[in-house]
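Please prepare a short briefing on the structure shown below, with attention to its aromatic side chains and to one of its sheets.

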Amino acid sequence: MSIRSLFVFIAFISVYNISYAQETKSIFKGYPVIAHSDTLFFVKNKLGSLSAVERAERTSAKVVALSEDLLFVSDSLITVNDSALIDIAYKGDVLLSLSKTDADSVRMDQEVMAKAYRDIVAENISTYKKDTDVTELLKRGALGLFIIAIMVMCIYFLNKYSNRFNAWLRVKLHARISGFKIKNYELINSKNELFLIKKVLNLIKIVVIFILVYLTLPIVFRLFPWTKPWSDSLIGFVLNPLKNIFSAIIDFIPNLITIAVIVVVFHYIKKVIRFFSNEIAAERLKINGFYPDWAKPTYNIVKIVLNAFMIVVIWPFIPGSNSEIFKGVSVFLGVLISFGSSSAISNGVAGMVITYMRPFRVGDVVKIGETTGAVQEKSLLVTRVLTFKNEVITIPNSAILNGNTVNYSSLAAQDGLIVHSTVTLGYDIPWATAHELLINAALASEGVVKEKQPFVLQTSLEDWYVSYQLNAYISNPKRMPAIYSEIHKNIHIAFDTAGVEIMSPHYQAIRDGNASTVVSPEKA
């Protein structure tokens, strides 16, 4: 950059700063001169050792003091041209001195500005004198009493006719009201509904009375100069919050649009993910290594993550999200949830781990700890098992993850589930006979898969007996108790028919010539 260009750039910046300063100064109105709750004009510049705010305060005090002068004559309020300054004075007492700088700041001629300010002060004092005149005060007092009387009459007639209207309405609605129902549940009966209508009408009456009183008081207060600030305050109590609310709503509209766009985007992202989840669950879409029963829980996990991420994105656009109170409440709720839901979180994590471990599915017959039954429900926190005794047992997922789970159904349909039962017999019974009787008993039992041959294992050779374990295949684990009962019954029948006595070692040790325990088939 050349030296000339540098000087041109510096000059441009200087002109811009001067114009910006002038523009900022023109926007600033100055410090108000206030008398009797009215703003007369503004003072922007200092004069000598007095700052702008000191000039405004001194002028306000002198105007208020002058208005209390009983001998005030507006014609005695004049402007005095004193070289560079023009004074607004009353009988030699200067109220305000105006310089050319003051006139330039409002783009007016100095003399015109002084005369305009003098007229404003004179009009304000004259108006105050007129408002505080005894005759005027009596008139305004009578007007105020008249307004209050009208308000009392309105309240009287409102109370009187509202009671009549309530009685008439109850008579008209008594036969028509049948209560409020949500499907088959009666939320409010007819009697309570009439009572509720009565209370609502009474509340409306109270609100209307309050509005009447609240609107009347500012009107009455505005009649007198001393109570005029009270009127402005009462009106401000209503208008200022409404104005702030309206401004906040207007300011929030861009953020609201942003939040709506974010919510819509995340909504359709979740719809797309749910579509693929349903396709995988219905096995129309197959992904290697991803099982169909993973689709729904995976979608739920992704949905929770997306919702959490959506809240994080939306959070800065929520009104008050940066306030200290909002942050404090958020931290408190976070700590409360963390300490109060540790077990729930552990069960939730265990539920997710169990989902992807796939130890069982809904409908499988399992043994979890000491509980055996069909899995009825598998949720994020607990698993519900329906036992063979028709009992529903709720088991926390953390207990399942920390223990052992036996699944009877996982291979039952393809390879069959082996049920087994042990019988102890003496050495005097040939092992071939024992094998044959046990296998025939299994094949005669309903529920045993006939295509797969049952087999017998000799599990131990004890001092007094041999342990024979019968193993048979079944395909329906839900009928295990009934199939066990059927096998045991058929074993008893088969051994009695063959004349083989099933002896326990203890019973055999104390037996001394007792009759045989074998029951003939005819007696059985």
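The model is a predicted one, in which local features need pLDDT of at least 70 and side-chain atom pairs count only at pLDDT 80 or more, while totals for chains, interfaces and linings use all residues. Residues are numbered from 1 along each chain as its sequence is written, and side-chain values use heavy atoms, with hydrogens and water left out.

**Aromatic rings**

- The whole structure holds 11 aromatic pairs, a pair being rings of Phe, Tyr and Trp (its six-membered ring) whose centres lie within 6.5 Å, with planes under 30 degrees apart counted as stacked, over 60 as edge-to-face and the rest as tilted.
- F157 and Y161 are stacked, because their ring centres are 6.2 Å apart and their planes stand at 20°.
- These two residues, F157 and Y161, are four residues apart in helix α5 (residues 134-174), so about one helical turn separates them; helices (H or I, at least four residues) and strands (E, at least two) are DSSP runs numbered from the N terminus.
- F157 is partly exposed at 38% relative accessibility, and Y161 is partly exposed as well, at 45%.
- F290 and W294 form an edge-to-face pair, since their ring centres are 5.6 Å apart and their planes are at 90°; F290 is partly exposed at 26%.
- F290 and W294 belong with Y291 and Y356 to one aromatic cluster.

**Charges over rings**

- R358 lies over the face of Y291, at 3.7 Å from the ring centre, the criterion being that NZ of Lys or CZ of Arg is within 6 Å of the ring centre and within 35 degrees of the ring normal.
- K452 lies over the face of Y473, at 5.3 Å from the ring centre.

**The sheet and its helices**

- Three strands make an open, antiparallel sheet in the order β3-β4-β5, where two strands pair if DSSP finds at least two bridges between them.
- The edge strands, each pairing on one side only, are β3 (77-82) and β5 (93-98).
- Six bridges join β3 to the antiparallel strand β4 (residues 85-90), and L85 in β4 is the bridge partner of D82.
- Helix α2 (residues 52-67) packs on the sheet and touches β3, β4 and β5, contact meaning heavy atoms within 4.5 Å.
- Helix α4 (residues 110-131) also packs on the sheet, touching β3, β4 and β5.

Terms used
Axes are lines fitted to C-alpha atoms, for helices over the stretch in contact, and angles run from 0 to 180 degrees between N-to-C directions. Buried means under 20% relative accessible area, exposed over 50%, partly exposed in between (1.4 Å probe, protein chains only).
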